[in-house]
Amino acid sequence: MNRTLIFASALAVSLASSTLAAQTPAKPATAPAAAAPAPVVPVATPAMIAVIAFEEAVVTTNEGQKAMQDVQAKYEPKRKQLETQNTEIENLQKQLQALPANASDEDRSKLMRDIDEKQKRLQLDGKATSDAANADAQAAFNKVASKVGGMALKYAQDHGFTLLLNFPDPRTQQPNQILWFLPTNDITEAVVNAYNLNSGVAAPTPSAPAPQRRPTAPATAPKK
């Protein structure tokens, strides 16, 4: 089952509080024409930037791993059923190939019809299962993501960061505008640990090797 994770725009949430300067004119003796509003003057704030691999963080949390495992378990019987249907088609194809040269046209046509009908059924069942599994995986991801997002913002605020940027997984189709950052600015693992502690969800039994964290080495400059 292909995971649709894929799927979320870059998280770029500014955490700085902008100070707005406004001037209030003294009240004149006579009522003048309405004065234009004072211009808003932005105030520079020292930047403290954090980055997070948000999608990776969501599926790395204990709750995220369990949610994805639950989706896989739900569709495991259907996956086995599809495998059985495919095996039936392969066996019929072998029977068709093994027919002797003097086999009747009726026998040959019947096998071909059976193969065609089963292939169409397999395609329909496979698409329906894939669509349903992807929808369930997306819903499970979104449920955990909404809570991990809150934890990420709280962590950034509590540790004095003024800007939080998403560093998308390069294996997805999401555009990545961050070419390099210091490893100490990556709060992904810290947020995952904080979320696991807060959620109280135990780590599930791993069904696959734990994902490797991505390197944070600077990108190679393009050749001119």
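Over which residues does the pLDDT stay under 50 while the model has 20 contacts beyond four places in sequence? In this predicted model, that stretch is residues 210-224.

**View 1. The whole chain, with its order of elements and its confidence.** The chain holds four helices and three strands, which follow one another from the N terminus in the order β-β-α-α-α-β-α. The mean pLDDT of the chain is 78, and 69% of the residues score at least 70. Among the elements, strand β1 (residues 12-14) has the lowest confidence, with a mean of 32, whereas α2 has the highest, at 96. Residues 1-27 have a pLDDT below 50, although this stretch makes 54 contacts in the model beyond near neighbours in sequence. Of the 224 residues, 30% count as buried, and the accessible surface of about 15,300 Å² belongs to carbon and sulfur atoms for 58% of its area.

View 2. Helix α3, which covers residues 105-158, has 54 residues, and the span from its first C-alpha to its last is 78 Å, close to the 80 Å expected at 1.5 Å a residue. Just after this helix, Gly-160 adopts a positive phi of about 80°.

**View 3. The largest nonpolar core.** This core has 27 residues, of which Ile-52, Val-58, Val-148, Leu-164, Ile-187 and Val-191 touch the most other members. Two or more residues each come from β2 (49-52), α1 (54-60), α2 (62-98), α3 and α4 (188-199), and the largest share, 11 residues, is supplied by α3. In soluble globular proteins, nonpolar side chains tend to be buried together.

View 4. Leaving aside residues up to four places away in sequence, Val-148 touches Phe-54, Ala-57, Val-58, Thr-61, Val-191 and Tyr-195.

**View 5. Thr-162 in the loop between α3 and β3.** Thr-162 lies in the loop that runs between α3 and β3 (163-166). Is this residue, Thr-162, buried or exposed? Thr-162 counts as buried because its relative accessibility is 15%, and buried means under 20%. Although Thr-162 and Ala-50 are 112 residues apart along the chain, their C-alpha atoms are separated by 8.0 Å.

Definitions and conventions
Residues numbered from 1 in each chain as written. Heavy atoms only, no water. Expected span 1.5 Å × (residues − 1). Core = buried A, V, L, I, M, F, W, Y, C linked by side-chain atoms within 4.5 Å. Buried < 20%, exposed > 50% of the residue type's maximum accessible area, 1.4 Å probe, protein only. Contact = heavy atoms within 4.5 Å. Areas by Shrake-Rupley, 256 points an atom, 1.4 Å probe, with all protein chains shown as cover. pLDDT = per-residue confidence, 0-100.
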